[in-house]
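Q: Hi! Could you walk me through this structure?
A: Happy to, let's have a look together.

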Amino acid sequence: MRHFRPAGTITAVPGIAAGHWTDADAATGCTVVLCGDTAVGGVAVRGGSPGTRETDLLNPMRRVDRVHAILLSGGSAFGLAAAGGVQRWLEERGIGFETPHGCVPIVPAAILYDLGVGRADVRPDAEAGYAACAGANDYSPIPGGSVGAGTGATVAKALGPSGAVKGGIGSACCVLPSGISVGAVVAVNAWGGIHDHRDGSLIAGPLRDDGTMADPIAVILNGEYPPSETSMTNTTIGVVATDAGLDKAQANFVASSAHDGLALTIRPCHTTSDGDTLFCVATGHNPEPANLTAITAAATHVVALAVIDAVRSATGLAGIPAVGELNHGNAR
């Protein structure tokens, strides 16, 4: 009997390659997920402050049903410019939607706000997107932590920026008993704190003046958070990939269900200050029949693991400590 098993990062999904561009000095970066010329795409936008590109195209009612890459970027709305570099890299290789006048690469994108960390005048641009593609591979795990779109990411901001903890980018993958792979890569820049859903433990909560971590939900329910900080811009963005054959409606369903992985680990999640957005790409490399219930359950699982990986693998940057550098004490 075959059983579910873990399988590394999103690059373990057949047909998927991924790479980062990182500027550690400016504390920003971008991440690209390349999915060839057969992938079907979907998206679900849940947060109140999204920054996206080409998401309308992923509606099942729209004409084009293929995507060629997904871009995740820092730099707020400026970072959407990096998608142009991804398009150029793909066009040079003849990858895109065929038209009478050449191929047009379809590159949906989402951004997070990291302008308050490092330098606000340096943002991922077209050259950054191109460089992320040039460094992408499909044969080794994609690095996690304070790299790529997670370079300037932070979490646990209920007590203001002085109490924030370093976020990052993380990834996970699993193989279902059918042999179908499901993976995720997630850049975690959440207003909420981070929990391990498997045992309920707090991984990253807002830091009090004495260095202990507070329970983010208790901070909110007790009215302790500074009202002026409730509008801090944040956003968690990511990609779920599978080698199953899905249509656009199914890919959108998987993207929507995968948000449960964010809700399991990020508390509170999907706030008005977060533009949480998850994409789904299905390469169709595996001919096994797609069990949508199993795939959505796996998507939730790997997204949750990717969130945890992002925060635990992060390193401190621009004066913001990572959880590995802190002596938590007890949340209170």
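Q: How many aromatic pairs does the structure hold?
A: Zero aromatic pairs. To pair, rings of Phe, Tyr and Trp (its six-membered ring) need centres within 6.5 Å; planes under 30 degrees apart count as stacked, over 60 as edge-to-face and the rest as tilted. Keep in mind that this is a predicted model, where local features need pLDDT of at least 70, side-chain atom pairs count only at pLDDT 80 or more, and totals for chains, interfaces and linings use all residues. Residues are numbered from 1 along each chain as its sequence is written, and side-chain values use heavy atoms, with hydrogens and water left out.

Q: OK, and what lies over the face of Phe 78?
A: Arg 123 does, at 3.6 Å from the ring centre. A charge counts as over a ring if NZ of Lys or CZ of Arg is within 6 Å of the ring centre and within 35 degrees of the ring normal.

Q: Which residues touch the most other members in the largest nonpolar core?
A: Val 155, Val 182, Val 188 and Ile 194, out of 43 residues in that core. Elements that give two or more residues to the core include strand S12 (168-175), strand S13 (181-188), helix H4 (248-265) and helix H5 (292-312). H5 supplies the largest share, ten residues. A nonpolar core here is a set of buried Ala, Val, Leu, Ile, Met, Phe, Trp, Tyr and Cys residues joined through side-chain atoms within 4.5 Å. Buried means under 20% relative accessible area, exposed over 50%, and partly exposed in between (1.4 Å probe, protein chains only). Helices (H or I, at least four residues) and strands (E, at least two) are DSSP runs, numbered from the N terminus.

Q: What does Val 188 touch?
A: Leaving out residues up to four places away in sequence, its contacts (heavy atoms within 4.5 Å) include Val 155, Ile 194, Ile 266 and Val 307. There is also a second, separate core of 28 residues, with Ile 16, Cys 35, Val 239 and Phe 279 among them.

Q: Switching topic: how many disulfides?
A: Zero, taking a disulfide as a pair of cysteine sulfur atoms within 2.5 Å. For Cys 103, the nearest cysteine sulfur is that of Cys 133, 13 Å away.

Q: Is Cys 103 buried or exposed?
A: Cys 103 counts as buried because its relative accessibility is 15%. Cys 269 is in no disulfide either, with the sulfur of Cys 280 the nearest at 18 Å. Cys 269 is buried as well, at 18% relative accessible area.

Q: How many residues of S16 are buried?
A: Six of six, in strand S16 (residues 237-242). Ile 237, Val 239 and Ala 241 point one way and Gly 238, Val 240 and Thr 242 the other, and all are buried.

Q: Which way do S16 and its partners run?
A: S13 and S16 run antiparallel, joined by six bridges, whereas S16 and S18 pair in the parallel sense, also over six bridges. Val 239 in S16 is the bridge partner of Val 185, and in S18 the partner of Val 239 is Phe 279.

Definitions and conventions
Two strands pair if DSSP finds at least two bridges between them.
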